[in-house]
Amino acid sequence: MLVPAQFSLWERYKGDYSYSRNSIEDDSLVFTATGSTTVLLKSIEDVTVTAGTFEDCLKIFTSQTEQRSDGWTLELEDTAWYTHKVGLIKEEIIQTLHHPVEEDSDRTDILELISATVDGMTYE
């Protein structure tokens with residue numbers, strides 16, 4: 001989801017979407033999906049990752065719900081921290097797939113910047 005260049009604390013942006021997923025092998029339709037996404041700037045905070053400590057990072061929270069034609073429902077929560085000049089330095093993603101018959105699938109991923117060189121400055 002795209003958000004404007006000017007983003008205020010606790011300002012919420014919502015959007016709806018739809019798409020279809022086709023098979024790579026024969027291009028047949030796998031499923032269609034419709035969903036909604038909400039993006040919120042939760043706070044500005046200092047964050048420490050492997051690459052160092054970054055001040056005044058934007059903490060952006062995204063929640064997404066998606067219903068698929070194959071019966072699965074996706075629920076996703078994403079918290080991401082961005083810093084000036086470097087960009088994304090940390091992200092926590094919690095994803096759950098629900099199905100009325102199949103077993104639910106849960107997944108959590110935590111990603112963080114290990115090292116980078118941006119405009120001649122090295123972070124590690």
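This report covers the strand pairing, salt bridges and aromatic contacts of a predicted model.

## Basis of the values

Local features in this predicted model need pLDDT of at least 70, side-chain atom pairs count only at pLDDT 80 or more, and totals for chains, interfaces and linings use all residues. Residues are numbered from 1 along each chain as its sequence is written, and side-chain values use heavy atoms, with hydrogens and water left out.

## The sheet

An open sheet of 6 strands runs in the order β1-β2-β3-β4-β5-β6, with antiparallel pairing. β1 and β6 (105-112) are the edge strands; each has a single partner strand, so one side of each lacks a neighbour in the sheet. From one strand to the next the twist averages 20°. Strands (E, at least two residues) and helices (H or I, at least four) are DSSP runs numbered from the N terminus, and two strands pair if DSSP finds at least two bridges between them. For angles, axes are lines fitted to C-alpha atoms, for helices over the stretch in contact, and the values run from 0 to 180 degrees between N-to-C directions.

Strand β1 (residues 12-22) pairs with strand β2 (residues 29-49) in the antiparallel sense over 11 bridges. Two of the residue pairings are Asn 22 with Leu 29 of β2 and Tyr 17 with Gly 35 of β2. The two strands form a hairpin with 6 residues between them, and Asp 27 in the turn has a positive phi of about 65°.

β2 also pairs with strand β3 (residues 52-68), in the antiparallel sense over 15 bridges. Here Val 39 has Thr 62 in β3 as its bridge partner. The hairpin from β2 to β3 passes through 2 residues.

## Salt bridges

There are 3 salt bridges, each defined by a side-chain nitrogen of Lys or Arg within 4 Å of a carboxyl oxygen of Asp or Glu. Glu 66 and Arg 68 form one of them, with the closest N and O atoms 2.7 Å apart. Both residues of this pair, Glu 66 and Arg 68, are buried; buried means under 20% relative accessible area, exposed over 50%, and partly exposed in between (1.4 Å probe, protein chains only).

Arg 107 and Asp 109 meet at 2.8 Å, N to O, and Asp 109 is partly exposed at 23% relative accessibility. Lys 90 and Glu 92 meet at 3.7 Å, N to O. Lys 90 is buried at 18% relative accessibility, whereas Glu 92 is partly exposed at 29%.

## Aromatic pairs and charges over rings

The structure holds 3 aromatic pairs. Tyr 17 and Tyr 19 form a stacked pair, 6.3 Å centre to centre with 20° between the planes. Rings of Phe, Tyr and Trp (its six-membered ring) pair if their centres lie within 6.5 Å; planes under 30 degrees apart count as stacked, over 60 as edge-to-face and the rest as tilted. Tyr 17 is partly exposed at 22% relative accessible area, and Tyr 19 is partly exposed at 26%. The rings of Phe 54 and Tyr 123 have centres 5.3 Å apart and planes at 40°, so this pair is tilted. This pair links distant parts of the chain, Phe 54 in strand β3 and Tyr 123 in strand β8 (residues 121-123), 69 residues apart. Phe 54 is buried at 6%, and Tyr 123 is buried at 18%. Tyr 17, Tyr 19 and Phe 31 form one aromatic cluster.

A charge sits over a ring if NZ of Lys or CZ of Arg is within 6 Å of the ring centre and within 35 degrees of the ring normal. Lys 42 lies over the face of Phe 61, 4.8 Å from the ring centre. The charged end of Lys 90 sits over the ring of Trp 81, 5.2 Å from its centre.
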